[in-house]
Amino acid sequence: MLLSDFDYKLPEELIAQTPADKRENSRMMVLNAENHTILHKHFYNITDLIDKNSVLILNNTKVIPARLYGFKDTGAKIEVFLLKQKENNNWEVLIKPSKRVKEGTVIKISDELSAKVLSPLLDDGKWLVELITKENLFEILHKVGNIPLPPYIERKMSDDELKNLDFERYQTVYAKDEGSVAAPTAGLHFTKDILNKLSQKGVEIGYVTLNVGLGTFRPVKCENILDHKMDSEAFEISEETANLINRAKHEGKNIIAVGTTTVRTLETAYKQFGCIKACKSASELFIYPPYEFKVVDKLITNFHLPKSTLLMLVSALAGKEFIFEAYREAIKNKYRFYSYGDCMFIS
């Protein structure tokens, strides 16, 4: 299967630059792959579309303020983008411009935080740095760091109003475990009220944690998609969630995954253990057509970039031709795309 098979043209004005006025007011396209039907709803309609014969599984990872700006002693401005915490305060990072640093370079982020470059890594231009602070690291990051918005959201860093909006809205209302450098964006549409209404209907809700890394969004560069290798992303499934899913599958209930990261967590766990087990593991699972889903029955997800592994995953679930038909319909009806955009419910 070729990378060009998953390409489409999107008018630039349909790339959402800000979130909807309210989380639940995002538009939602409802796809029924079996009946080949497309309905146009809003996300607040989700409470009418999910019944007590369903179990909802969400990724409760929390986004860290991973984008740091600092200066060398020469005055050169450097961006340090945190990817993954290693031992102690050592981090795997991206550095821009990387040609301005070498081993031993110290980048001053603020009076409380500096980054010392330790060594280049062999993997895709990444570096290992030590974050130096006398304070609690994550408290400092929340003071001086920036929310790592994707590059297609073009912002002026001086706009404090938008920056504050991002700190609130580029985070799910149920975010708990800090460690992601990108939000599981399908979950951004949920409110506490919607979750409460679903619970009152008898819908059981469970949580997994997959820390979203660069790999989820890394572009596929090889024309034969089988040559693409996913980055490893750590995940965790609790005993409570594992028992919930296994019981639900035994009772014939539908497992509804919120977001592609949740899908990859559940399908990876099943592939590793033959069922869902409480575990701490990592996923390198690349899902593309044809793929037989073992756990997930339905999916809530945003609209994804052309040629992305995320677009390939939803194509595997609903069928590539049907997904591309739905995307054409979304463009025609001026849906908003990508992280801050609208969503679809594949049922």
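In the predicted model, a salt bridge (a side-chain nitrogen of Lys or Arg within 4 Å of a carboxyl oxygen of Asp or Glu) joins the side chains of K197 and D193, with an N to O distance of 3.5 Å. Both residues belong to helix α4 (residues 192–200) and are 4 residues apart, about one turn of the helix. Helices (H or I, at least four residues) and strands (E, at least two) are DSSP runs, numbered from the N terminus. K197 counts as partly exposed because its relative accessibility is 41%, and D193 counts as partly exposed at 44%. Buried stands for under 20% relative accessible area, exposed for over 50%, and partly exposed for values in between (1.4 Å probe, protein chains only).

This is a predicted model, in which local features need pLDDT of at least 70 and side-chain atom pairs count only at pLDDT 80 or more, whereas totals for chains, interfaces and linings use all residues. Residues are numbered from 1 along each chain as its sequence is written, and side-chain values use heavy atoms, with hydrogens and water left out.

By the salt-bridge rule, the count comes to 13. One of these pairs is K126 with D231, whose closest N and O atoms are 3.4 Å apart. This pair links distant parts of the chain, 105 residues apart: K126 is in the loop between β9 (114–120) and β10 (127–132), and D231 in the loop between β12 (204–210) and β13 (233–237). Both K126 and D231 are buried.

R247 and E204 also form a salt bridge (2.7 Å, N to O). R247 lies in helix α5 (residues 239–250) and E204 in strand β12, so the pair ties together parts 43 residues apart in sequence. Salt bridges with shared partners join K86, E92, K126 and D231 into one network.
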